[in-house]
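Q: I am new to this structure and would like to be walked through it. Could we start with how the chains meet and then go on from there?

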Amino acid sequence: MFSFNQNCWFIRKVVRWRGVASIMWSVLLLPPIISLLIFLIRFSVFHPTNWISGYLGLLTEVSTLFSVFLLCAAVIFLAFFNLQYYTVVPSIPCSRVALLAEVLHLRQCIHSLVHCAVGMLIMWCVCVMSGGRYRTLQSPCARSESDGVDVCLNEYHMFMLLAGAFMGYSYSLMGVVQNVHYVSFQIIQQYKYMRFKGSAWGLLKCSAVQSLYFVRNYVILYFLLGHVPRTWISNILNLRVDSSVHSLDSFGGLCDVSLVYQLWISGTFLLLTWNLNVLLFRIYVTEPYRFLVQSSFAEDAEECLPKVLTEKNSLVLKFLALQDLALLSQNSPSRRQEVFSLSQPGGHPHNWNAISKECVSMLNELTQRLIAHHDTVASNGRAKPPSERSDSGSGSSSSSADGGGVFGTVMSGAEEVLQTPHRNDLIRTPGSVFGSAVRTVNSPMTAPFTPDLPVSFSSPALRPLFSPHVGQRPWLGSVQSPHVTRRNPKLWSTSPDSRTNGSSPPSPGPAPQPAGEPKPSFLSQWIQNRKEQVKGFFAKRVLVVYLFNKLPEASSQALFADSQAHIWALEGLSHLVSVSFSEDKYGVVQTTLPSILCCMLSLQEAVDRHFKLPHASSKPPKTWSSVGDSTYKTLRFALRASLKTSIYRITSTFREHLHAVSVPAEHQKRLQQFLEYKE
Amino acid sequence: MCSLALFPSPPLSGQVTLFEANNELVCGSSAECSEKQQWTAPSLYFSRETLKPHSRPESSSKAAFLDHRDTLWMRSAGAWRDAGLAGLLDEITNSSEEVPKWLTLSSGCVLALLRWMSSFHCSLFPHLTLSGEDMVAEFSQVLSWSDSPIRSFAWHPHTDRFAVALLDDSIKIYNSRSAITPTLKHRLQRSVSAMQWKPLCASTLAVACHTCLLIWHVDPNSLSTRPSSGCAQVLSHPGHSPVTSIAWSPSGSLLVSASPVDTAMMVWNVAAEICVPLQRVGGGGVTNLSWSPDGSRLLAATPSALFRVWETTMWTCERWPCLKGRCQEDPRLLLVADLSVTSFTEPEGEIIIGGEVQSLAWDPTGERLAVLLKGNTESVNHSAIIAVFKTRSSPIFELLPCGFVKGEARAEPRLMHFQPHFQHGALLTVCWSNGRISHVPFYFVAVGKPCTTGSPPLPHFTSKTEDYSEVDAVSGVVAQDAGTLRLQSGSCSPGFQYRPLNEVSSDGPHEDH
């Protein structure tokens, strides 16, 4: 809702309506689901006629209609609330402490709180609809001791309400861990209805299983701590606890099968409505959008593909544009013609130039990111002289006063995280303005939490689906220095200064030290020693190590978190280049072929290097039923495969003509390998 | 109308078809083989005796070793793991002295109900009653798969490299450049029914196995003769086995797999190990898949009299009901060749040729069509043989006889493939029943260019659907014009038909020739 206010034309014209349509559908699907819920929740084996008649009676009751209305309102509210949490680039915490920080983030707290409240509301509606012993919070006491009719606390009702809150919180928590709000794109295009039909059964199954786990956890929790909320509520509302009936936090009270069954069914309903909403939103938003390639009207110019591809404010627009590029390059000859066409007065291939430039710069940016990552990992593997370390330590010493600084230091002992500020600069090389700006934002608190990438602690807040992204994205400034593009392989392990010749890194990290550096003073030596000791002390503590140790392959996943965009760029470019062999009448593509080839080959080299790192090529365990989309975990493999296929697509089309293309010698060699099918 | 009677008579016994030159097939004894290629594909020989099939029957001898005095719990758990719900119920029903009576009774009732339902299901789709191995044999491209020493064969789409799957569940890879022949073995690589190299890739081979899909990454520069099983990626999906057919999309990005048991076919993004099931219930399974060379259509055959043509931009499908279909696709035309029983007698030595078609293969230039005709196992004179046609698709579709391909004495052809990139015409690779793999070059100058200039053209694979009860019905149709090899579409009208894809409605205009 909030993010709809953005003035990007695409959000206004397309995404908004897609979001509204998905919400409409989830509301429309609600009544049948509710009637199914009532049907199941009133289930009784021994009185089938009572069951059916009670079911039919309930459907027509006023309270039911009121609850349905309330449920619809709750679903609509939650759907609009969740809109700002959807993202096309998942956030991948690199260590447990980063995950913890993500959970404790204010944004996430609000999310949890809202889900708690809505969960409670939904459960209240379910209680009202299911009637019977769940209907109200108060109930007349079974055995009134005084003369007047006493009002007691109905523990069943409270049990259900608390279950709703618990499930809401668990759902929100699972959302962070499983990246439920990550919107992934399908590998094939299908109509919305077919997609929904294909995944509806899985959704139901998954909700039921998830609800089972939540019920188990909740029952255990209630058994241990159930008396706390009970006394609290009865005190606040001045209700008495009926001592004549079993209290539910006893063993006997929880052995009630029908209670657990009803809890499970209503939990399934709760999760189903929410998951359905997420699914419908995903289906609607990822539907391909057909952009104009070129327009004859000036006012439409910014809605055309070449312009849209360079979009930096709205990631979803960028992703959809790249998807459209990949699709048009594969199966629409007429639109390809428009890409290859020349501008009417002047005869410049503006469309092709803009598209290819954007794709190439994105790929180059990825290459650079990989190189930077590899260099940091490589330099961390080696033992460093203490002087350099002291220097790097001073980088974070500004923050060492508070606890975060200590953690940061510990972390660097265990892993390479101390390098973070420096690395962040590297990654955002061209916009070094942002490098410093980001560090001032990050350093006091988040620097220790920040894993080795910008895709980390503070990222989910910065990368929602609709909001403008705050200069964080690495592809922001992607103008490449030719030096980096045509790197020699030996540059991999050289000192950092040759790496970042485009920008002047303001980082105090392990920057190249001038030869005439004055010797570190005694004081700094002493501080250094203390620090080593503290570090050593903490490194031995199991909990600290557990929290700060990096999750295997997480950094690799995080590096490739947005690689879906790169995959489309590769597919689009390679298909366009290969069809240009026959379709490009003016030879527009020929002029850019060398740069495209160079870009792809150097990316290939960087990817090869990356996959030689430990954990980079290990596969995550398979999970079959989960609402969260785990496709981001394997994006790097998809990128590697599609990169190779793209190069082969070009080489198998041009074959021996490629010898005439001027590429640097080392690329020439690699190209030859591809031509001979030896890669 | 082209009929087998117009064919030149098959070579004499003892003669082997060597190559085609000047529009006729040249025969000779195998020694005088003079081929004029730059790389002579090795003519291989795998003797049946050297290959030991795995003696691992479906219901293994595990029961003999299990201690039957396990507790009921253990046995139930084991039964659940081995045979699912039915096994569990069976176990409970059979151990009546340990469980209460009502449980035995109720599980017996449920079991009976389940069996009744499954028998009803199987009566709808009779192929479901087959066991795993039999099903693979039934739906594999290979003629009599179960006793064939060569189980599958795949040419690499771009280079001189091929893979051969053998009876002992190993795969050997032969390469023109090196003498190293890597042998691929994997724990899960059992009863290989199909293989295909990934297009636009040097090293990836997809293998359809009994329980899963294996994706081998064989580094072409590696010197190892026995790549570790770590080079293989295992793709599996519950309920999707045995896999009998796989097809890579020509752009190399997707892999589609099919199983006769599963009504859904799986579209895989292999690298990311993501699969999207495409479910259509009718037909009771998918037996065979084939992409059109331009990647815009995908054909999926089912065990019943139905096949589907998927359009691959939005993945919608059209149902094509037919008596039974074998399908061959071209970017422009979709040619449905229905099996037609054709039997006639060759004058020379009473050789019977004709009958059911096992498979079709079309060479990439579209000028030669090889048809593997099933023989009759009972009759001595009626053995399987390959008939080769010359084809032309423009201006009108034409079939001309070319000849029969014959191998050594008492060797039946089992499987055939055209090499996807032969320079001087077409190269047909035939796997024989005695374990020999031979290559028959057809030297000719292709009139048309290979279909697209984009990705190199791929071989057209054939698709096959099976018949259970309809043989009589078809032979009745066929008897009226015996002596004709008829390739026909879904309807029974005689003659050749092809229809442009935009007129695929079931009663759209047909063109008969």
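Q: How many residues of chain B are in contact with chain A?
A: This is a predicted model. In it, 36 residues of chain B are in contact with 29 residues of chain A.

Q: And how much area do chain B and chain A bury between them?
A: The two chains bury about 2,800 Å² between them, and 63% of that lies on carbon and sulfur atoms.

Q: Which residues in chain B lose the most area to chain A?
A: They are L200(B), A271(B) and M314(B), which together account for 20% of what that side buries.

Q: Turning to chain A, how many helices and strands are there?
A: Chain A has 29 helices and two strands. Of its 679 residues, 54% are buried.

Q: What share of the contacts in chain A, with a separation of 6 or more, comes from residues 24 or more positions apart?
A: Such pairs account for 81% of those contacts.

Q: Which residues touch the most other members in the largest nonpolar core?
A: That core holds 154 residues, and the ones touching the most other members are F10(A), I122(A), F159(A), L263(A), F291(A) and W352(A). Helix α11 of chain A, residues 257-285, supplies the largest share of the core with 15 residues.

Q: What does W352(A) touch?
A: Leaving aside residues up to four places away in sequence, W352(A) touches a set of residues including V339(A), F340(A), L573(A), L576(A) and I596(A). K357(A) and T592(A) are also among them.

Q: What about a second core; which residues does it include?
A: There is a second, separate core of 24 residues, which includes L51(B), I150(B), F153(B) and I437(B).

Q: Change of topic: how many disulfides are there over all chains?
A: The structure holds zero disulfides. In the case of C72(A), the nearest cysteine sulfur belongs to C125(A) and is 9.7 Å away. A disulfide requires the two sulfur atoms to be within 2.5 Å.

Q: Is C72(A) buried or exposed?
A: C72(A) is buried, with a relative accessible area of 14%. C317(B), by contrast, is partly exposed at 24%.

Q: Now the strands of chain B. What do β1 and β2 form?
A: They form a hairpin with two residues between them, and N22(B) in the turn has a positive phi of about 50°. Strand β1 covers residues 16-21 and strand β2 residues 24-28, and the two pair in the antiparallel sense over five bridges. Within this pairing, V16(B) has G28(B) as its bridge partner.

Q: In what order do the strands from β4 to β7 lie?
A: They form an open sheet of four strands in chain B, in the order β4-β5-β6-β7, with antiparallel pairing. The edge strands are β4 (150-155) and β7 (183-184), each pairing on one side only. Five bridges link β4(B) to strand β5, residues 161-166, and A154(B) is the bridge partner of A163(B).

Q: Which strands make up the open sheet that includes β13?
A: Its order in chain B is β12-β13-β14-β15, and the pairing is antiparallel. Strands β12 (245-248) and β15 (274-279) are the edges, and the twist averages 20° from one strand to the next. Inside the sheet, three bridges join β13 (residues 255-258) to β14 (residues 264-269), with V256(B) partnered by V267(B).

Q: Why is β25 described as largely enclosed?
A: Strand β25 of chain B, residues 368-373, is largely enclosed by the rest of the structure because six of its six residues are buried. Both faces are covered: R368(B), A370(B) and L372(B) lie on one side, with L369(B), V371(B) and L373(B) on the other.

Q: Which strands are joined to β25 by bridges?
A: Strand β24, residues 357-362 of chain B, runs antiparallel to β25(B) and is joined to it by five bridges. Strand β26, residues 385-392, also pairs with β25(B) in the antiparallel sense, over six bridges. V357(B) has L373(B) as its bridge partner, while R368(B) stands opposite K390(B) in β26(B).

Q: And how many residues lie between the strands in the hairpin of β24 and β25?
A: Five residues lie between them, and G366(B) in that hairpin takes a positive phi near 80°.

Conventions
Residues numbered from 1 in each chain as written. Chains lettered and ligands numbered in written order. Predicted model: local features only at pLDDT ≥ 70, side-chain atom pairs only at ≥ 80, totals over all residues. Heavy atoms only, no water. Buried < 20%, exposed > 50% of the residue type's maximum accessible area, 1.4 Å probe, protein only. Core = buried A, V, L, I, M, F, W, Y, C linked by side-chain atoms within 4.5 Å. Contact = heavy atoms within 4.5 Å. Pairing = 2+ DSSP bridges. Axes fitted to C-alpha atoms, helices over the stretch in contact; angles between N-to-C directions. Buried area = accessible area lost by both parts, 1.4 Å probe.
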